[in-house]
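Here is a short note on the aromatic rings of this model. Please read it beside the sequence and the structure.

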Amino acid sequence: MNAFCRYQRKIAVPAFFICLFFNVALIAQQVKTGTIDRKALVSRHDIFIKGTKMSGPTQVGNGSFAYNFDATGMQSFTDKYATLSHWGWNSIKPPAGLTFTSFKKTLLDTHGRMVPYEMADPNQAAMGGWLSSNPHRINLGRIGMQIKKADGSIALVKDFENATQHLNLWTGIAEIKFTVEGEDVTVMTACDGNKDIVGFKIESNLVKQGRLSLFIDFPYGNLTIFSNASDYNKPTAHQTQLITTGKNSVLFDRTLDSIAYQVACQWTSNTTIAKQKEHRYTISPDNSSSTIEYVFDFSPTKINYQIPSFTQIVTGSTAHWLTFWKSGGAIDLSASKDARWFELERRIVLSQYDMAINASGKYPPQETGLVSNTWFGRAHYEMYWWHAAHYALWNRWPELNNSLHVYNDNLKYAMKRAAGQGYLGARWPKCPNLFNGEEWPDDKNHAFLVWQQPHPIFFAELDYKAHPTLATLKKWDNVVEQTANFLSTYAFFDKTRNQYVLGPPIRVVSENNDIFTTENPAFDLSYWRFGLQTAQQWRKRLKLKPNATWDKVMKNLSPIPMKDSLYEQWENIENPWTKFNYEHPALMGIYGVLPGNGVNLAIMEKTYQKVQDVWIWDKCWGWDFPMVAMSAARLGHPKDAVKMLLHPSPKFGFDEHGFVGGGNPYPYFPSNGGLLYAVAMMTAGWNGDKNAHQPGWPKDGSWVVKWEGLSKAL
């Protein structure tokens, strides 16, 4: 019973009717699917930008391909904006005479055994560097606009006046307007909904005057850990061949070290194409019309098919986004009295758009999605939960299923990795080469991070919750079993304490611990329990006997570390509330992200209050805020949950595109995925919430949450 109704029990008989009315009013907010005006909901958060200055690029894309552009609707002003895909990867050759298997791992004493780890080794620097940077994601090509001023000089950024952008979220189509020397220019930019094709429609007298042209510039790959995926200073390292295919079309044949791809371009008016310099070409229309359309098709295979027109691309984009927005869940906050409703709803809507483009493709995304490169463009297995788990709660399984195959794809390598270290099962890497599962050497995190290990069991449970069938059990059976086998054999039985322990060596979630002395991180212990308990439930569903080893470890696993009736990040941590009160407050995740395996709620409540009092939020990361919001919701602090999703820290600032940066890799999409998971959980609830209505939202009438199509969290 909610607090309002408990209070009303002290009043006279009419209180019953008041209470009944109050609960009916609350329940009425969960509306029948199709009731919410989704177009109005989405469209009131269309992106409008004035001027040429932007926090980052605007995007059009379809989940496997994205075109990032500036205030011209193209990549005119800077070579920092890229065109990225899920297939655009390049690898250079390894150092002479060496292969993937040449790198020798470092042996470390681990509970009396010498265990090999993927650590950086100065004696193998060349091979270590190659493993870390190959394959690397590449910029498929820069498409920009060039305008000549009346005096013949090229217009600069300062010459583009009255610039406005409107990205129509409902259709995924952008309209851009600006003037140069008093001449109006209108650009429409769109991406095909299913293919890696971007198109432009340009209207301006500058076209007819012969003063507006396009260029396309092809860079080499970039071997810098954080980059725009481009290197324009190595013209001899790659090849571009121009092939004329028709009166109004050309084909660019591209070859780098390990990748070959094609880019077809077609247009609607007579146009001349000229090589400006190596890998850069200008495309100049004649003066027969003030309107021209261009289409660029990027393909990893030979383009021997009819390329769609710009009109067809617009149709495809509209259909793609219409399907997306009408699928899954929706949350409408517009009837709320709290003045912050619009900003929170904006974050929710823009996060859906951003994640659909950047985190719904064939492979798990890198932290910066299809905007720029971090860690050479690679995904992180521990961040995969933050990028993808929300799709389950929003009932957008096509977007999630696109990439879940990586667990089965890389199971063989994960098992080989575990076996090489003397463990059973599958040890999942942190930042792998997703095409072969290999981890790359790193001293700080990669070799020792383990909190990503139970992730596949969590995903499997989300899948079974939504699809409780034998097919789902079989889909995940091997992954769940081998993941649990590793969890049970990684835990070391300490005879002196008669308990199983985790670490050392171990890197905890916050990544600010001493790897070689830390033992029993709070989050890992709770997640281990969740993983093993869920894996046993999986066996029960398959009518198999419980795994005795898993049971033994569960029953004897160390308790979550505690001191002075407060949970701690890890066991025997020194000065936890003054020295280590920054980075990820992962101990909040044990009853928030996780359902509280091994958690005492009274201690959890005290720990939550302590974190709220002392944590340095400006030294956190974007997904920390939704993580704490989830904990606040489960503990019955809905006002705090909302507050965390609107926290003023620059580490959680959503810019005009819905991108989060604040010193993190920009944009930092785990923040968006975390927000979507948290708000769905606050709205639809979680297992064990006793079917409380919208349990994560305040019940004082300030928030009116209309929603449909969401599912409970675990």
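1. W386 is buried, at a relative accessible area of 2%. Buried means under 20% relative accessible area, exposed over 50%, and partly exposed in between (1.4 Å probe, protein chains only). W385 also counts as buried, with 2% relative accessibility.

2. This is a predicted model: local features need pLDDT of at least 70, side-chain atom pairs count only at pLDDT 80 or more, and totals for chains, interfaces and linings use all residues. Residues are numbered from 1 along each chain as its sequence is written, and side-chain values use heavy atoms, leaving out hydrogens and water.

3. The structure holds 51 aromatic pairs. W385 and W386 form one that is edge-to-face, 4.8 Å centre to centre with 70° between the planes. Rings of Phe, Tyr and Trp (its six-membered ring) pair if their centres lie within 6.5 Å; planes under 30 degrees apart count as stacked, over 60 as edge-to-face and the rest as tilted.

4. Ring pairs also build a cluster: W385, W386, W451, F458, F523, Y527, F530, W623 and Y677.

5. Why is the pair of W621 and Y668 tilted? The planes of W621 and Y668 stand at 50°, with the ring centres 5.4 Å apart, so the pair is tilted. W621 is partly exposed at 22% relative accessible area, whereas Y668 is buried at 2%.

6. Two charges sit over rings. The charged end of R280 is 3.8 Å from the ring centre of F215. R539 lies over the face of W550, 5.7 Å from the ring centre. The criterion is NZ of Lys or CZ of Arg within 6 Å of the ring centre and within 35 degrees of the ring normal.
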